[in-house]
Amino acid sequence: MGLFRRNKNTNKPIIRQILDLVPPWLFKSCTNTYKTDKGVSKYRTYDQFVGLTFGQLNKCQGLSDISSGIGVSEIFIQDLGLSQSPARSTMSDGNKNRDWHVFESLYYRLLSHYKSVLKQHHNTHIIKEIKGKVVKLVDSSTISLCLSMFDWAEFRTAKGGIKLHTSWDYNLMIPDVVNITEAKVHDRYGLEQLIYPKDTIVVEDRAYFDFALMLNRIKAENVFVTRIKTNTLYKTVEELELPENIDQNILKDEIIQLTSAKAIETGISEHKLRLVHVYKEDENKVIAVITNQLDWEYNTIAELYKKRWDIELFFKALKQNLQVKTFWGTSENAVKSQIFVALINYLLLELIKRTISKISVAFSNLSEKIRFCLYHYLSLDYVCNQVREGVRKVKPPNQMKMTFEQNLFSG
């Protein structure tokens, strides 16, 4: 089957089918909001989105790769919805000057658009005691940059970097808030909203352990599950009895009150809290998890904290399978545009993985399949469910429908 020949499977290449998951009316709404096509005749926002998406899914190292890759065939260019392949210089100018907020807006609009589908098809272990509750996993991840090239992203004396501050929705299994800052911004101040609606459960690491924040969450009737800092002063009010035949990783379960001068000053010392000590066998260490929820089973608290691994896996998948470490521009606008297009592609691949793929597949495996088949005129169903590792034999000629085409190397 020819790479650039429309056939009975589909008349669109794989990348166009992925792009078509973005409703045109939704895309237009974002461009109208930020007026990113005002006064533009050729390299419109859609053209830039196609180029950045191609670069993400094909893991291109630079703008020249994107330009050459899209320009290999006029049929391919046409089927991407473009009138011409983008020039390297044109893409560079677009990344530098077109407002990155249009892609941020597109990510959140797409998340809202597909929210019910993502929630319905999410595949994760449900903790019985919190079934139906809203759970947010909060964490950040740092991406190193060369300070001499990205001088706006100062981190340390001779090092640059950015940080992705992320809120992960447990019921959607996807980020619902991402804020990109300089890497020097502390996790505690990376997200504007850390107080949530009543009954929201917030799970996070000890970087977010803050007395004032904890007190405000108690007042807002949030439940927090946070790793306590090792030097925290407290007194044990009651040690709860652990039933026999329990999970041997639960070492101690106690009701405590914080006793440091700062805890007394903020007022958090007046509240009883719970401290569950969990042994992590893989790291051979004990983790103390603090929460304001006094009634749950101890296993629920331990399992909730283990759920933080989901957001860690997201950061790993993003960095390994999409381009968020090699950048195609050095300006803040270019970097943030590229990251939000990467997030859009992550969302779309997750959507495909959950709804089209009939077999359980890792995100990395699906990304690899998509990359191999990006130019092919196949269906997404075929790529997800028929393309797989292993030997594939060619059928005998009498069982195949032969299609003859012009030899590409003939005169």
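A residue is called buried when its relative accessible area is under 20%, exposed when it is over 50%, and partly exposed in between, with a 1.4 Å probe and protein chains only. This is a predicted model, in which local features need pLDDT of at least 70 and side-chain atom pairs count only at pLDDT 80 or more, whereas totals for chains, interfaces and linings use all residues. Residues are numbered from 1 along each chain as its sequence is written, and side-chain values use heavy atoms, with hydrogens and water left out.

**The whole chain**

Begin with the C-alpha trace of the protein chain, which spans about 85 × 55 × 40 Å along its principal axes. The secondary structure comes to 15 helices and 10 strands, where helices (H or I, at least four residues) and strands (E, at least two) are DSSP runs numbered from the N terminus. Of the 411 residues in the chain, 52% are buried. If contact is taken as heavy atoms within 4.5 Å, then among contacts between residues at least 6 apart in sequence, 65% join residues at least 24 apart.

**The loop between strand 3 and strand 4**

Select Asn171, which sits in the loop between strand 3 and strand 4. Is Asn171 buried or exposed? Its relative accessibility is 15%, so Asn171 counts as buried. Leaving out residues up to four places away in sequence, Asn171 touches Lys119, His122, Lys133, Val134 and Val135. With Lys133 there is also a polar contact, that is, a pair of N or O atoms within 3.5 Å, of which, within protein, one must be able to donate a hydrogen and the other to accept it, residues adjacent in sequence counting only if both atoms are side-chain atoms; here a polar atom of the Asn171 side chain lies 3.0 Å from the backbone oxygen of Lys133.

In the loop between strand 3 (159-169) and strand 4 (174-182), select Met173 next. Met173 is buried as well, because its relative accessible area is 12%, and its phi is positive, near 55°. Most residues other than glycine have a negative phi.

**Inside strand 3**

Move to Thr166, in strand 3, which counts as buried because its relative accessibility is 0%. Its side chain reaches the backbone oxygen of Leu164 at 3.5 Å.

**Two exposed loop positions**

For a contrast in accessibility, select Lys35, in the loop between helix 2 (24-34) and helix 3 (45-57). Lys35 is exposed, because its relative accessible area is 56%, and its phi is positive, near 50°. Then select Asn231, in the loop between strand 6 and strand 7 (234-239), which counts as exposed because its relative accessibility is 63%. A C-alpha to C-alpha distance drawn from Asn231 to Ile15 comes to 52 Å, for a pair 216 residues apart in sequence.

**Helix 9**

Select residues 211-219, which form helix 9, and colour its buried residues: Phe211, Leu213, Met214, Leu215, Arg217 and Ile218. Which elements do these buried residues pack against? The partners are strand 5 (201-204), strand 6 (223-227), strand 8 (250-258), helix 10 (261-266), strand 9 (273-280) and strand 10 (285-291). At the start of helix 9, a side-chain oxygen of Asp210 comes to within 3.1 Å of the backbone nitrogen of Ala212, and the helix is followed by Glu221, whose phi is positive, near 60°.

**Helix 7 against helix 13**

Finish with helix 7 (residues 101-113) and helix 13 (residues 332-355), whose axes come within 8 Å and cross at roughly 20°. The contact is made by Phe103, Glu104, Leu106, Tyr107, Tyr108, Leu110 and Leu111 of helix 7 and by Ser337, Phe340, Val341, Leu343, Ile344 and Leu347 of helix 13. These residues divide into 11 nonpolar, 1 polar and 1 charged, where Ala, Val, Leu, Ile, Met, Phe, Trp, Tyr, Cys and Pro count as nonpolar, Asp, Glu, Lys and Arg as charged, and the others, Gly among them, as polar. The axes here are lines fitted to C-alpha atoms, for helices over the stretch in contact, and angles run from 0 to 180 degrees between N-to-C directions.
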